[in-house]
Amino acid sequence: MATSTERPDPPVKSTYTQGHSAEVLASHLARTVSNSAAFLLPHLRPHFSLLDIGCGPGTITSGFCTYVPEGAVTGVDLGDSVIEQAASSHPSTEYPNLKFEVGDILHGLTYADETFDVVYCHQTILHLPDPIRGMKEARRLLKPGGLLAMRESDSFYWYPELPGLMRYNECLNGMFRTAGAPGLFSARGLHAWARQAGFERDKMQVGAGTTVYSSPEDRRWWETMHVNRLKGEAVGGQIKSLGLVGDEGIGEMVRDFGRWTDDPDGWYAALQCEVIATK
C-alpha cells in the first residue's frame, strides 16, 4: 500500500456511542440508497469504485452495486459483528462487486492514495471526535475529481413538542458530545469542515433533505425503536450512567413517545445536511 503524506498523525480512534445492538440496527436496516443517498445517485457512473464509511449492516452499501455494475463497492465499519452481519446478508454470489471490511477512518484506512471515485458517509461524521481529520483521510483516498458525499442529521423536530421528546433530543446530544463527537446542530457546518480538510468551496454541492414520519404506521415503528433503545443499554443505560437522566426521566420519554404516536397529528422530521465535495 502507498504511504500517504496526507494521512492524519497521530491516530485517533472513532467512537460510535449507540453501538450495533438489535434496537439500533432496527433503524439502520431501513436505510436504502433511495431514502438515504438520492442526492448522490445522479453523479454515479457504471465504472466507479465507491467506499461507504460507517456502512453498518450494508443496506445502503449494497444498493450502490446496481449503479456501478462495472465498478466496485466497499463498506467499512468499526464493529466486527456488524461487518460480519453485512457480509453474511450480502453474499458474493448475489453481489459480486461488493465487499465489507473492518476499519476506522480516524485511525487511517489501509487503502492506497487515490483508490476511490466516491467516498460516501451517512450518519457517520456527527459521531467522529475529529470530523476534519476524517474528511482529510477521505480526501486522501479519492482520485483526482473524486467525490466525497456526506449526509448527516443536524436537528430533530417533533409535533406536538412534548417535554419527554425534547428531553430525548437533549440526552442524545449529551451522549454524543460526552464521547467527544460534535453531535447535533453541527451537520450544518459539513461544508466548512470539508473546506478545512482541503476541498475547495466552489467545488461543493451544498444542500439538504428531510426524513419525515407522520403516518400511524411510521409513528408506531419510530416509537417502538426508540423506546427499545431507552429500555436497553444503547441509549437508556448510557444516558443514565452519564447522569443525564434518571428512571423518572426515562419514564417521561417513554410516555411521551406513546402520546406522540397516538396523536393523529403527530409528526417528526429530521433535517439532513447533504454535501458533495469534489477533489
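**Briefing: helix packing, buried sites and backbone geometry**

Helix 6 crosses helix 10 with left-handed geometry (left-handed: the near helix is turned anticlockwise from the far one by less than a right angle; right-handed if clockwise). The model is predicted, so local features need pLDDT of at least 70 and side-chain atom pairs count only at pLDDT 80 or more, while totals for chains, interfaces and linings use all residues. Residues are numbered from 1 along each chain as its sequence is written, and side-chain values use heavy atoms, with hydrogens and water left out. The protein has ten helices and seven strands (DSSP runs numbered from the N terminus: helices H or I of at least four residues, strands E of at least two).

**Helix 6 and helix 10**

- Helix 6 (residues 163-178) and helix 10 (residues 247-262) pack with their axes 7 Å apart, at an angle of about 120° (axes are lines fitted to C-alpha atoms, for helices over the stretch in contact; angles run from 0 to 180 degrees between N-to-C directions).
- The two helices, helix 6 and helix 10, are therefore oblique to each other (under 35 degrees is roughly parallel, over 145 roughly antiparallel, 65 to 115 roughly perpendicular, and the rest oblique).
- Helix 6 contributes Pro163, Gly164, Leu165, Arg167, Tyr168 and Cys171 to the contact, and helix 10 contributes Gly249, Glu252, Met253, Asp256, Phe257 and Trp260 (contact: heavy atoms within 4.5 Å).

**Burial and helix 5**

- Of the 279 residues of the protein, 56% count as buried (buried: under 20% relative accessible area; exposed: over 50%; partly exposed: in between; 1.4 Å probe, protein chains only).
- Helix 5 (residues 131-141) is largely enclosed by the rest of the structure, because ten of its eleven residues are buried.
- Among contacts between residues at least 6 apart in sequence, 81% join residues at least 24 apart.

**Two buried loop residues**

- His90 occupies the loop between helix 4 (80-89) and strand 3 (98-102), and is buried at a relative accessible area of 10%.
- The His90 side chain makes a polar contact of 3.3 Å with the side chain of Ser62 and reaches the backbone oxygen of Ala86 at 2.8 Å (polar contact: N or O atoms within 3.5 Å; within protein, one must be able to donate a hydrogen and the other to accept it, and residues adjacent in sequence count only if both atoms are side-chain atoms).
- Beyond neighbours within four places in sequence, His90 is in contact with residues including Pro57, Tyr95 and Phe100.
- Val68, in the loop between helix 3 (59-63) and strand 2 (72-77), is buried with a relative accessible area of 0%.
- Val68 and Phe48 are 20 residues apart in sequence, with a C-alpha to C-alpha distance of 5.7 Å.

**Backbone geometry and cysteines**

- Most residues other than glycine have a negative phi, and most peptide bonds are trans.
- Tyr159 and Pro160 are joined by a cis peptide bond with omega about -5°; Pro160 lies in the loop between strand 5 and helix 6.
- Gln123, in the loop between strand 4 and helix 5, has a positive phi near 55° and is buried at 11% relative accessibility.
- Phe185, in the loop between helix 6 and helix 7, has a positive phi of about 65° and is partly exposed at 47% relative accessibility.
- Cys55 is buried at 8% relative accessibility and Cys273 at 9%; the whole structure has zero disulfides (disulfide: a pair of cysteine sulfur atoms within 2.5 Å).
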